[in-house]
Each structure stands twice: as structure tokens, then as C-alpha cells.
Amino acid sequence: MATSNKNLSSGKPTNLTNSETFRIGIVVSEWNEEVTEALYSGAVSTLLQAGVIKDNIERKDVPGSFELPLGAQWLASRTDIDAVICIGCIIQGETKHFDFICEACAHGITEVGLKFNKPVAFGVLTTDNMKQAMDRAGGKFGNKGDEAASTILKMLNF
């Protein structure tokens, strides 16, 4: 969990090689769009700062976070995509629906990376409320889209 003392957004990847050749797919959930757009912007900004060419970043939208694993799988199955970033936001409601969506999303995204042997980042917020989400989408706890992009870049340079 991010805290004001543990904010990974401030550390950009260093010692990257061949960033300009990376082709990155980003799957973005349309649900909680205010949050996911901020996360997406953070991810793209980090990729561009690291030298990834704008035309090598491909965005695909899905209805919600539950659909992120399938969208990621479709992108990861392509030979012209090196890695995938999944961007979503799941906010706790009054029912257990939150738990099922979070578990399915996390498990599915993990499976895609293992199935295709490609980095697939979990840029999905799982928060209690909108304030917590906004704090992690460019607020006081940084931008988790930024961190997902940093993770992908580090894994591509593994």
C-alpha cells in the first residue's frame, strides 16, 4: 500500500537500453474514468520520458477492470507488442462484488504475463473510496500509472 513515505512514482527507471524500440500496449478500463485517465496519462508520460516512441504506444479501452485480463491477453498475443500495462480502478462498494472483481482481475493479469512470457503490469487501484483513488492517480501518493510504466520498463530491461 502506498503511503506518503513510500511513493514509487518519484523514482524513474535508469540505465534503460533500446527504449525507443519497445512497443507497449496499454489497456484502460472505462469505469471510474476520471481516475483511469489520470493513471493512463502518468503511464504515457513515464514511457515517453524513458525514450519510448509515441507511435509505439498503443491504447485499447475495455468497459471495466474485469475485462482488463482479456484485453491484455489480446495485446500480449501479438508479436508486435513487447509488454502490456493494465490500467483500472476498483472502488469498494456495499457488497462483496469488489472482492470478486479484484481477485479475478489480479489473477487474470498475472496469468496473461505467464502465458505469453511478457511483462504485464498491474496498474489497477483497489481502494475504499474515490478520494483514495485520486490520491494514487496523481495526488499525494503519486501516480500508480507512472509506477506501472516504470515496472514495465524495468522488466523489459531485465
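This is a predicted model: local features need pLDDT of at least 70, side-chain atom pairs count only at pLDDT 80 or more; totals for chains, interfaces and linings use all residues.
The protein comprises five helices and six strands. Along the sequence these elements follow the pattern β-α-β-α-β-α-β-α-β-β-α. The protein has 158 residues, of which 47% count as buried. Among contacts between residues at least 6 apart in sequence, 79% join residues at least 24 apart.

Four of the strands form an open sheet in the order S2-S1-S3-S4, with parallel pairing. The edges are taken by strand S2 (57-62) and strand S4 (120-127); each has a single partner strand, so one side of each is left without a neighbour in the sheet. On average, and with direction ignored, neighbouring strands of this sheet are turned by 15° against each other. Strand S1 (residues 24-29) runs parallel to S2 and is joined to it by six bridges. Within this pair, Gly25 has Glu58 of S2 as its bridge partner. S3 and S4 also pair in the parallel sense, over eight bridges. Cys89 stands opposite Leu125 in S4.

In S1, six of its six residues are buried. The cover extends to both faces of S1: Ile24, Ile26 and Val28 are buried on one side, and Gly25, Val27 and Ser29 are buried on the other.

H1 touches S1, S2, S4 and strand S3 (83-91), and its direction makes about 155° with that of S3. H5 lies across S1, S3 and S4 and runs at about 155° to S3. These two helices also meet each other. The axes of helix H1 (residues 33-49) and helix H5 (residues 144-156) come within 6 Å and cross at roughly 40°. H1 and H5 are therefore oblique to each other, and H1 passes H5 in a right-handed crossing. On the H1 side the contact involves Leu39, Gly42, Ala43, Thr46 and Leu47, which meet Lys144, Gly145, Asp146, Ala149, Ser150 and Leu153 in H5. By class, five residues of the contact between H1 and H5 are nonpolar, four are polar and two are charged.

A further helix pair is formed by H2 and H3. The axes of helix H2 (residues 68-76) and H3 come within 8 Å and cross at roughly 15°. This angle makes H2 roughly parallel to H3. H2 passes H3 in a right-handed crossing. The contact is made by Leu68, Pro69, Ala72, Gln73 and Ala76 of H2 together with Ala104, Cys105, Gly108, Ile109, Val112, Lys115 and Phe116 of H3. The contact of H2 with H3 has nine nonpolar residues, two polar residues and one charged residue.

Gly108 is one of the H3 residues in this contact. Gly108 is buried, because its relative accessible area of 14% falls under the 20% limit. The C-alpha atom of Gly108 is separated by 5.0 Å from that of Pro69, although the two residues are 39 apart along the chain. Pro69 is among the H2 residues that contribute to the contact with H3.

Gln92 is placed in the loop between S3 and helix H3 (97-116). Gln92 is partly exposed, with a relative accessible area of 29%. Apart from neighbours within four places in sequence, Gln92 is in contact with Phe98, Thr127 and Asp128.

Methods. Residues are numbered from 1 along each chain as its sequence is written. Side-chain values use heavy atoms; hydrogens and water are left out. Axes are lines fitted to C-alpha atoms, for helices over the stretch in contact, and angles run from 0 to 180 degrees between N-to-C directions. Angles under 35 degrees count as roughly parallel, over 145 as roughly antiparallel, 65 to 115 as roughly perpendicular and the rest as oblique. A crossing is left-handed if the near helix is turned anticlockwise from the far one by less than a right angle, and right-handed if clockwise. Contact means heavy atoms within 4.5 Å. Ala, Val, Leu, Ile, Met, Phe, Trp, Tyr, Cys and Pro count as nonpolar, Asp, Glu, Lys and Arg as charged, and the others, Gly among them, as polar. Two strands pair if DSSP finds at least two bridges between them. Buried means under 20% relative accessible area, exposed over 50%, partly exposed in between (1.4 Å probe, protein chains only).
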